[in-house]
Amino acid sequence: MPGKRDLQKRCVLVFCADNGVVEEGVAQTGSHVTALVAENMTKGDATVCKMAKSAHADVIPVDIGMLKCVPSVRDCHIMRGTKNFYREAAMTRGQCEQAIDVGRELVREYAECGYDLFAAGEMGIGNTTTASAVASVILGLEPEILTGKGAGLSDRGLMNKIRVIRESIARLRPDPSDVTDVLSKVGGLDIAGMCGAFIGGAEIGVPVLIDGVISSVAALCAVRLCPESRHYMVAS
């Protein structure tokens, strides 16, 4: 059993990745924004940095799959952005498994540096689309129920987003009982990395906060892969 922790050294692991499905007009902004925000995190200028400061937490942005390399961001990239899942699977099963392992190992590494409370965060234009697609498959619910406007799509944009998700799921036919299959076909590297972080926290007995809808989808994936990981998750 893990020893008692005082939870005084905290960090937000922000998994940054781009999503090829942005090509289908599912997001209000372009993929270049992912790298811009990730770089701002390293300067302390991003909104998450202001919130983390009030919570006495460090922000650690991780490039797990951005299109553009940002030298000041920790580079753990698996690939330079996923493929457009409206046309083909977002990534291979092997790439998805690598991303999950990155999340697991980062939690272990930073825990060894003294961090005993983590939050799983993300930055990636288009990832409300990937999150909705993953949740739709795993929960067996229609995309209309789980898809929103993200960062400000119009009504017309939302209808397109739902269509892209529905048609992609029908074409790729991800297996709801196989989380890795779902993530690799219609997910994103950021979600896979966060999924690994939740599992990694459970493996070493460190709590990981669920923060936001995309983080919640990653937590869902982690629980389906490793049911015991739920005991180390805290919803924020």
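These legends accompany close-up views of a predicted model.

**View 1. The largest pocket and the residues closest to its centre.** The largest pocket of this predicted model holds about 910 Å³ of space. Its lining is made up of 42 residues, and those closest to the centre of the pocket are Val48, Met51, Gly121, Glu122 and Asp211. Rolling a probe the size of a water molecule over the atoms shows where empty space is left.

**View 2. The helices and strands that line the largest pocket.** Strand β4 gives the largest share of the lining, with seven residues. Sorted by kind, the lining residues of the largest pocket are 24 nonpolar, 13 polar and five charged.

**View 3. Histidine 56, a residue with a positive phi.** Histidine 56 sits in the loop that runs between α2 and β2 (57-65), and its phi is near 60 degrees, which is a positive value in a residue other than glycine. Histidine 56 counts as exposed because its relative accessible area is 64%, where the cut-off for exposed is over 50%.

**View 4. Arginine 173, in the loop between α6 and α7.** The loop that contains arginine 173 lies between α6 (155-172) and α7 (179-186), and phi of arginine 173, a residue other than glycine, has a positive value near 50 degrees. With a relative accessible area of 68%, arginine 173 is exposed.

Terms used: Residues numbered from 1 in each chain as written. Predicted model: local features only at pLDDT ≥ 70, side-chain atom pairs only at ≥ 80, totals over all residues. Heavy atoms only, no water. 1 Å grid on protein atoms, 1.4 Å probe; cavity = no way out; pocket = protein on both sides within 12 Å on 5 of 7 lines; lining within 4 Å. Points joined across faces, edges and corners; volume = space filled by probe spheres on them. Helix = DSSP H or I, 4+ residues; strand = E, 2+ residues; numbered from the N terminus. Nonpolar A, V, L, I, M, F, W, Y, C, P; charged D, E, K, R; others polar. Buried < 20%, exposed > 50% of the residue type's maximum accessible area, 1.4 Å probe, protein only.
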